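Here are my notes for someone opening this entry for the first time. Keep the viewer at hand while you go through the points.

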Amino acid sequence: MLGAGAVAGAATVAAAVAETSRFTLHEVTVPVLPPGTLRDRASFRVLHLSDLHMIPWQRRKQQWVSDLDRLEPDLVVNTGDNLSDVGGVPGVLAALGPLLARPGVFVFGSNDYWAPRLPNPFGYLWGRKNPPGSVELPWRGMRAAFIEHGWEDATHRRVEFVAGGVRLAVAGVDDPHHGLDDYATVAGHPNEDADLALGLSHAPEPRILDRFAADGYQLVLSGHTHGGQLCLPGQRAIVTNCGIDRSRASGLSRWTERMWLHVSTGLGNSKFVPVRTFCRPSATLLHVVERPAR
């Protein structure tokens, strides 16, 4: 019996490790654009990437992400936690490669600034916050590379630009999970002439989502949760590692009647927790379409 249990346990761990490389593309439709915005186009295509947690030798992940350029997104949104190792920046840039030539916007998470630390698994399952590590990551050079290629840093900034014929008003905050946010720097209604008002926050903390909703943003993109990472069958999250409820740990949902929330399952994980169960790493292509005419 003990031998059979050990074999079963080893098989479970092996499957959980293998799950971290089974990259998946999700596609969702969000009806928020004013009627007439798209003219003869089917949708405004937003590629949402998050939580790469890059380690230098993850070539398969780098190639998979790079190949997403074939989707021809109108906008690339990166919601942070790109790194899991001090040597991860070249891998991030290799992964994003051709996508950096497309319109893009980003905010960072704590694992852009500081390397991860070994978590207490019991604390994680009880929903206790794991403090960031003390090793600083080379985020400044990564940020400079993003900006040099034309991506906008929305961290505590309101930025406006046109992509794919859609007028965008974007605002973002620094990682609220560790109290790095300062919503007052972007507070207020987005430009009413914008076709799409987009909010960015690495962690989907309710206090930030409520502020975006109150100001009139139509869609907020976040990551951080890893979709629960250790899930029950059917991708049912056990914990979210933040303040949102488990039903919103991944995918598209309505936060309010007027605002949608999309939470990415992310494309990586801490190098100290190289497992996933019933929750494959993913990117999402959001088809932003016109809302029904009233």
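1. Some ground rules. This is a predicted model, where local features need pLDDT of at least 70 and side-chain atom pairs count only at pLDDT 80 or more, while totals for chains, interfaces and linings use all residues. Residues are numbered from 1 along each chain as its sequence is written, and side-chain values use heavy atoms, with hydrogens and water left out.

2. Back to Arg158. Is Arg158 exposed, buried or partly exposed? Its relative accessible area is 38%, so Arg158 counts as partly exposed (buried is under 20%, exposed over 50%, partly exposed in between, with a 1.4 Å probe and protein chains only). Beyond its neighbours within four places in sequence, Arg158 is in contact (heavy atoms within 4.5 Å) with Val170, Ala171, Val186, Ala187, Gly188, His189, Pro190, Asn191 and Tyr217. As for Val186, it is 28 residues away along the chain from Arg158, yet their C-alpha atoms are separated by 6.0 Å.

3. Val186 also turns up in the list for Gly172. Gly172 is part of strand S7 (residues 166–173) and, at a relative accessible area of 0%, is buried. Setting aside residues up to four places away in sequence, Gly172 touches Val107, Ala154, Thr155, His156, Arg157, Val186, Leu200 and Phe212.

4. Now zoom out. The protein comes to seven helices and 14 strands. Its C-alpha trace spans about 65 × 40 × 35 Å along the principal axes. For 294 residues a compact globule would have a radius of gyration near 19 Å, and the protein agrees because its own value is 19 Å; the radius is taken over C-alpha atoms, and the globule rule is 2.2 Å times the number of residues to the power 0.38.

5. Of the 294 residues, 53% count as buried. Take the contacts between residues at least 6 apart in sequence: 75% of them join residues at least 24 apart.

6. The largest one has 28 residues, of which Leu47, Leu49, Val65, Val92, Leu96 and Phe146 touch the most other members. Strand S2 (44–49), helix H3 (89–96), helix H6 (139–148) and strand S14 (282–290) each supply at least two residues of this core. H3 gives the largest share, four residues. Apart from this core lies another, of 26 residues, with Leu33, Leu168, Leu221 and Trp260 among them.

7. Phe146 deserves a click. Residues up to four places away in sequence aside, Phe146 touches Asn78, Asn82, Val92, Leu93, Leu96, Leu100, Phe106, Phe108 and Trp151.

8. Two backbone spots to check. His53 has a positive phi of about 45° although it is not a glycine; His53 is in the loop between S2 and helix H2 (59–66) and is buried, with a relative accessible area of 1%. Phe278, also not a glycine, has a positive phi near 50°. Phe278 lies in the loop between strand S13 (260–263) and S14, and at a relative accessible area of 46% Phe278 is partly exposed.

Conventions: Core = buried A, V, L, I, M, F, W, Y, C linked by side-chain atoms within 4.5 Å.
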